[in-house]
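Please keep the model open beside the text while reading.

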Amino acid sequence: MTPFVFLALLQDGLTSGAIYLLLAMGLLIVFSVTRVIFVPQGDLLALATLTVAQLQAGGVPGTLWLLDALALAALLGEIAGGRTTRRTLAAWLIYPAALTAACWFGPRTDPWFAMLLGIAIVTPFGPLAWRFVFRPAADASLLALLILAMALHFVLAGVGMVLFGPDGASVAPLTSATLMAGPLAISGQSLAVVAICAALVGGLRWFFGATLTGKALRATASDRLGARLVGIDAAESGARAFALAAFVAALSGVLIGAVTPIAYDTGFEIGLKGFVAAIIGGLASYPAAAAGAVLVGVLESLGSFWASAWRDVIVFALLIPVLAWLSLRQRAAGEP
Amino acid sequence: MTGKLLTVAGLRAGYGSVAVLQGVSLDVAAGQIVAIVGPNGAGKTTLMSAIMGLLPRQGEVRLDAAAAGSTAAMVAAGVVLVPETRALFADMSVADNLLLGAYPRRRAARTDRDAARADVFALFPRLAERRHQHAATLSGGERQMLALGRALMARPRLLLLDEPSLGLAPRIVRDIFRVLADLRTRGLSILLVEQNARAALDIADYGYVLELGEIVLEGPSAELAHDARVIATYLGTGRQT
């Protein structure tokens with residue numbers, strides 16, 4: 001391998017690593033606040049790519065109608081339960097109505113408009129998944145929650161197949177510029193992906209470190225009983241965590257969809273790689289998960305050069321030593 | 001005659017099919033400290049959880065003569081529980097723990113929160129020194145100070161304390177109980193359950209003895225402290241821990 005090839009592979013690896021980092025953060029946020037391992041995050045990623053691709057091609061995506069239907073169901077549920085507040089009305093009536101209008105009358109073939117609209121359509125599926133699937137089982141065991149998450153993955157993959165068909169689709173890149181650094185071509189898209197991920201990481205740090213809402217989410221993750229006793233609403237915290245995770249998944253779908261075509265069933269595998277990164281962080285540490293994400297991305301990229309058929313084997317085999325090390329360390333620290 | 005803040009009548013609660021409380025009745029008058037003493041396993045923690053709405057309850061729990069609601073409603077009505085485990089946010093700073101204690105009053109003015117924090121720091125100067133440390137790094141006594149401080153940030157009307165002396169050195173227990181007596185003079189009502197009967201009855205106005213999920217004895221705490229059965233079982237002749 002020449003240094004030139006190595007640098008090109010490194011660039012690819014860092015770009016996918018940045019995506020895996022976003023997904024790993026979404027998983028960590030949801031897991032620490034609600035104990036749900038959010039397997040369907042990858043499916044939301046695929047739905048976002050497919051939604052944006054269809055918008056950019058001039059169509060009206062089926063996910064919009066699905067969102068309208070589920071939001072209506074959520075709204076009726078709140079009304080039936082007598083819990084209608086200004087916030088539920090805004091979330092389940094005004095927001096979907098505004099999106100529908102924007103899709104109908106807006107310039108949806110404009111690449112940027114389509115991207116923002118697509119992210120806005122897919123993000124509410126996070127809180128909806130919480131509302132209809134996980135919140136009713138919030139006190140269930142970790143295993144039951146994981147089984148629910150797996151079931152939701154199959155449902156969402158099926159929905160993606162029905163709404164968008166079996167073919168993969170790509171979205172327009174954010175930029176088609178290319179920087180030349182000597183003989184190495186650095187794609188503007190790669191730079192944009194890394195920059196957006198860095199900005200989002202900074203934004204999340206600020207959100208969790210400086211805002212009361214962010215601190216309330218950390219409090220729920222830190223001590224469930226304590227959070228309840230200071231009046232933090234666990235249902236609201238869960239909805240926020242799922243909204244954040246769905247948002248980063250949708251954003252990832254838009255970013256990665258410009259590099260690789262995404263089909264209804266591709267998202268799961270990408271989500272799993274984010275999961276590997278999160279596991280390297282012990283499902284608790286954000287810096288370790290970030291290092292894990294970069295490691296997974298670079299390893300995958302180098303692996304595809306040396307032995308492309310073994311690419312995924314190498315990445316997922318990484319889990320075994322990592323889990324062994326984590327469990328040994330945990331035992332050494334005297335935790336159960 | 002002061003009004004009754006909390007009324008509990010015929011309260012039954014437990015875990016699943018295991019009934020722990022067999023119909024408990026008690027009152028907390030406004031501005032009073034009421035102590036519930038009893039041995040391990042008497043149902044003291046269950047009683048606190050049931051009053052707070054953390055467990056399903058049967059029977060009557062009234063706050064200001066209105067039926068008590070869910071945990072969230074109790075917190076919103078100014079009832080704050082400091083549980084036996086303290087339930088601190090261990091990986092967050094002392095300052096953030098206190099800030100989150102004011103969460104029920106998050107819509108109040110910022111100056112209001114700052115005043116509450118100044119009060120807490122005046123009661124527990126140690127917390128001001130440690131405000132940037134993680135709660136997990138605090139000593140047992142400091143953790144209890146933080147738990148109390150976090151509860152006070154909500155400016156509660158009724159404080160429920162589950163074993164505030166648990167695991168603390170006698171000198172720190174004295175400090176904590178002095179603060180509780182001080183809080184009463186500011187109009188706060190306190191219901192505390194304690195194994196350390198001597199410390200609890202020393203500061204309380206009224207006391208109950210809870211055994212096997214039932215109130216077996218009650219009275220003004222000065223009388224209770226001289227009751228032959230209480231002395232034999234809970235106070236003894238030497239120091240109790």
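A salt bridge is counted here when a side-chain nitrogen of Lys or Arg lies within 4 Å of a carboxyl oxygen of Asp or Glu. By that rule the structure holds 21 salt bridges over all chains. This is a predicted model, in which local features need pLDDT of at least 70 and side-chain atom pairs count only at pLDDT 80 or more, while totals for chains, interfaces and linings use all residues. Residues are numbered from 1 along each chain as its sequence is written, chains are lettered from A and ligands numbered from 1 in the order in which they are written, and side-chain values use heavy atoms, with hydrogens and water left out.

| Residue with N | Residue with O | N to O distance |
|---|---|---|
| Lys215(A) | Asp96(B) | 2.8 Å |
| Arg87(A) | Glu236(A) | 3.2 Å |

The pair of Glu236(A) and Arg87(A) links distant parts of the chain, since helix H11 (residues 234-256) of chain A holds the former and helix H4 (residues 86-105) of chain A the latter, 149 residues apart. Helices (H or I, at least four residues) and strands (E, at least two) are DSSP runs, numbered from the N terminus.

**Where the chains meet**

Between chain A and chain B the count is one salt bridge. With contact taken as heavy atoms within 4.5 Å, 16 residues from chain A and 22 residues from chain B take part. The two chains bury about 1700 Å² between them, 67% of it on carbon and sulfur atoms; buried area is the accessible area (1.4 Å probe) that two parts lose on being put together, summed over both. In chain A, Leu212(A), Leu229(A) and Val230(A) lose the most area to chain B, together 37% of what that side buries.

**Empty space**

Rolling a probe the size of a water molecule over the atoms shows where empty space is left. On a 1 Å grid over the protein atoms alone, a cavity is a set of points where a 1.4 Å probe fits but cannot get out, whereas a pocket is an open set with protein on both sides within 12 Å along at least five of seven lines, and lining residues have an atom within 4 Å of a point. Grid points are joined across faces, edges and corners, and a volume is the space filled by probe spheres set on the points.

How many cavities of 30 Å³ or more does a search of the whole structure find? The search finds one, and about 70 Å³ of space lies in the largest cavity. Its lining draws on both chains, including Leu229(A), Val230(A), Arg86(B) and Arg150(B), and strand E6 (79-82) and helix H6 (140-152) of chain B each supply at least two of the lining residues.

The second largest pocket has about 880 Å³ of space and is lined by 27 residues, of which Phe208(A), Arg218(A), Ala284(A), Ser285(A) and Tyr286(A) lie nearest its centre. H1(A) gives the largest share of this lining, seven residues.
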